[in-house]
Amino acid sequence: MITIINFLYYSIRMGTPLLFGTTGEIVSERAGSLNLGVEGMMAMGAIGGYCAACYSQSLTVGMIAAFLSAALGALIYAFLTVSLQANQNVTGLALTMFGDGIYLFVGRSLAQAGKFPLLSNYPALSHAVADNGIPFLRDIPYIGKLLFSYNIFVYIAIAVAILMWFYVMRTKAGLRLRSIGENPGAADACGVNVNRYRYLNIILGGGITGLGGLYLAFIVNGGAWNEFWINGMGWISVALVIFANWNPMKAIFGSFFFGMFNVLMAWKGNLSSAFPRALGWLTAIPNEFYQLLPFLITALVLIFASVKKKKKNVQPAALGLNYFREER
């Protein structure tokens, strides 16, 4: 039982950056904007937020900086696709390369100069991002470990997903947002400012993805510089949007489910030892397969979604299409 609890615990920890990325992309896609630059925005949020947090010795400042850094990338995307009518797919890919380039430039420059901030030099910050959990509740047997023993990012990610679900599904602004994603011409005819809503929600979604990048910097990589902080998490987040049916609430469960595949390689030995008859075969599988597994599952999700399109699962009708008012 302890092995299962610990496995689920680390699955949730590893699924948290995916939840940030998926929630942010859902908000953007609900506005009809297919932003494939999630990987780049997460990279911008990671390096911008991490450096700001260390230099200010404040996690709050780091979160704000991560949000604003990624939001800046989203603003560039919005300007190109909404105002200049650039192709959304090409612009998103360009944003990924741009964000990765910013991340590598800043990180390499600081590392080569010997000035890259080490998390171990900031004890207060290290404590702030540790798995402190919720006092008293974390001491409950089994349930405490599984639900109340995480770092603050996990609870923020869940809260953001719930808030975005309420915003998209239960508010008047969310109804307008969904109408833009389905039929921007009709929304415009009803008095909705399509470009304004697209700008605001693209930027909002981008900022949320930046928090996922900051999580990867602090929690997954421990503040140790390397060139693979994001490591494909942005691309998995894009696919998870389909898995979650463009619903932030479903993204919570989808992200944590995909988190299992990310930690399976590290936990295959423990699982096979605890359940030798049922899971003993896990150790016979090469590590390279486990590294491939999250991306393989992502590809299968995309294939399944394209083959089996139910009415209720269809993406926003205007997703990926620019809106030019004069062509209404």
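Entry 1: I began with leucine 125 and set aside its neighbours within four places in sequence. Leucine 125 is then in contact with Ala53, Cys54, Ser58, Leu59, Leu119 and Phe218, where contact means heavy atoms within 4.5 Å.

**Note on the model.** I am reading a predicted model, in which local features need pLDDT of at least 70 and side-chain atom pairs count only at pLDDT 80 or more, while totals for chains, interfaces and linings use all residues. Residues are numbered from 1 along each chain as its sequence is written, and side-chain values use heavy atoms, with hydrogens and water left out.

**Entry 2: the cores.** I looked up the largest nonpolar core next, and it has 85 residues. By nonpolar core I mean a set of buried Ala, Val, Leu, Ile, Met, Phe, Trp, Tyr and Cys residues joined through side-chain atoms within 4.5 Å. Buried is under 20% relative accessible area, exposed is over 50%, and partly exposed is in between (1.4 Å probe, protein chains only). Tyr50, Leu125, Phe153, Phe218, Trp229 and Ile230 touch the most other members. Apart from this core I found another, of six residues, including Ala187, Val192, Val194 and Tyr197.

**Entry 3: aromatic pairs.** I found 20 aromatic pairs in the structure. Rings of Phe, Tyr and Trp (its six-membered ring) pair if their centres lie within 6.5 Å; planes under 30 degrees apart count as stacked, over 60 as edge-to-face and the rest as tilted. Phenylalanine 153 and phenylalanine 218 have ring centres 6.5 Å apart and planes at 35°, so I wrote this pair down as tilted. It links distant parts of the chain, 65 residues apart: phenylalanine 153 is in helix H7 (residues 152–170) and phenylalanine 218 in helix H10 (residues 194–220). Helices here are DSSP runs (H or I, at least four residues), numbered from the N terminus.

I then turned to tryptophan 225 and tryptophan 229, an edge-to-face pair at 5.8 Å centre to centre with 70° between the planes. Tryptophan 225 is partly exposed, at 22% relative accessible area, whereas tryptophan 229 is buried, at 1%.

**Entry 4: cysteines.** How many disulfides does a search of the whole structure find? I got zero, taking a disulfide as a pair of cysteine sulfur atoms within 2.5 Å. The cysteine sulfur closest to that of cysteine 51 is in cysteine 54, 6.9 Å away, which is too far for a bond. Cysteine 51 is buried, at 9% relative accessible area, and cysteine 190 is exposed, at 69%.

Conventions: Helices (H or I, at least four residues) and strands (E, at least two) are DSSP runs, numbered from the N terminus.
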